[in-house]
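This report covers a metal site, a sheet and the helices packed on that sheet. The sequence and structure come before the details.

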Amino acid sequence: MKLRFVLPVLALLSAVVVTPAAAAEADPVTAADACYTWGRTLSQGASGEDVRQLQIRVAGYPGYGGVLGLDGQFGPATKAAVTRFQQAYGLGADGIAGSATFSKLYALQDNDCTPVNFSYDELNNCNSDWSGGKVSAATARANALVSMWKLQAMRHAMGDRPIDVNGGFRSVSCNNAVGGSTGSRHLYGDAVDLGAGPQGFCALARQARNHGFSEILGPGYTGHNDHVHVAHRSSRFWSAPSCGI
Ligand SMILES: [Zn+2]
């Protein structure tokens, strides 16, 4: 979003080297950052990579217990997620992603496509290059990105207070070193361990149920009295008995 403030400068510079017709196509309202720019309004029935990019960013709005598919197909679940996102930010809630929705998403993302309040570095336990896990480095990073967008939604829903992240991806050797289980989702990049922060463990564990985390482990579950673990898995597994979950 920082780019927005230098756009007038860029516009002046580009006016020197591009044709007036090309310069006229630039729209300051919908201009994005270095991450991704949507080129059309998206509504139910649309499909493509632009839909998938949208799905990643609204993955934290599937509704209680839901997990949004990231398949590039704009179906009813995507429409519902977009509607919840719009409601969360006071936008017109029609489930159609147009300029107002995209502008909010641009404001929420950094140039590396991470949401503004989370970073790849903090989701990487052993300062690795994301290789050496159970999936490729690219997949591990992509999985972490989705978890960050889920956390951004959760953070906003909890009053925009900072969420304390204690780590995420682990290579096999890193996972062994910290005593992680052999099937840990940390090996896939989508698991994130949360500190109590200002919210407290149980509030975090409860809230995570609304934001697309199919794996939630917290106080009362073996090894999780000092953090809340959120991740993606194929079938739901929530356990934080001390929190009534
Ligand atoms: Zn964990």
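## Zinc site

In this predicted model, the zinc ion has three residues listed as its donors: His 186 through NE2, Asp 193 through OD and His 229 through ND1, at 2.0 to 2.1 Å. Along the chain these donors follow the spacing H-x6-D-x35-H. Both His 186 and Asp 193 are buried.

## Sheet

Five strands make up an open sheet with mixed pairing, in the order β1-β2-β4-β3-β5. Its edges are β1 (165-167) and β5 (237-239), each of which pairs on one side only. From one strand to the next, the twist averages 25°.

Strands β1 and β2 (residues 192-194) run antiparallel and are joined by two bridges. Val 165 has Leu 194 in β2 as its bridge partner.

## Helices on the sheet

Helix α6 packs on the sheet, where it touches β1, β2 and β4 (228-231). The direction of α6 makes about 30° with that of β2. Helix α8 (residues 201-208) also packs on the sheet, in contact with β2, β3 (215-217) and β4. Its direction makes about 15° with that of β4.

## Length and end of α6

Helix α6 covers residues 137-157, 21 residues in total. Just after α6, Gly 159 adopts a positive phi of about 90°.

How values were computed: Residues numbered from 1 in each chain as written. Predicted model: local features only at pLDDT ≥ 70, side-chain atom pairs only at ≥ 80, totals over all residues. Heavy atoms only, no water. Helix = DSSP H or I, 4+ residues; strand = E, 2+ residues; numbered from the N terminus. Expected span 1.5 Å × (residues − 1). Donors = N, O, S within 2.8 Å, 3.2 Å for Na, K, Ca; no water. Buried < 20%, exposed > 50% of the residue type's maximum accessible area, 1.4 Å probe, protein only. Pairing = 2+ DSSP bridges. Axes fitted to C-alpha atoms, helices over the stretch in contact; angles between N-to-C directions. Contact = heavy atoms within 4.5 Å.
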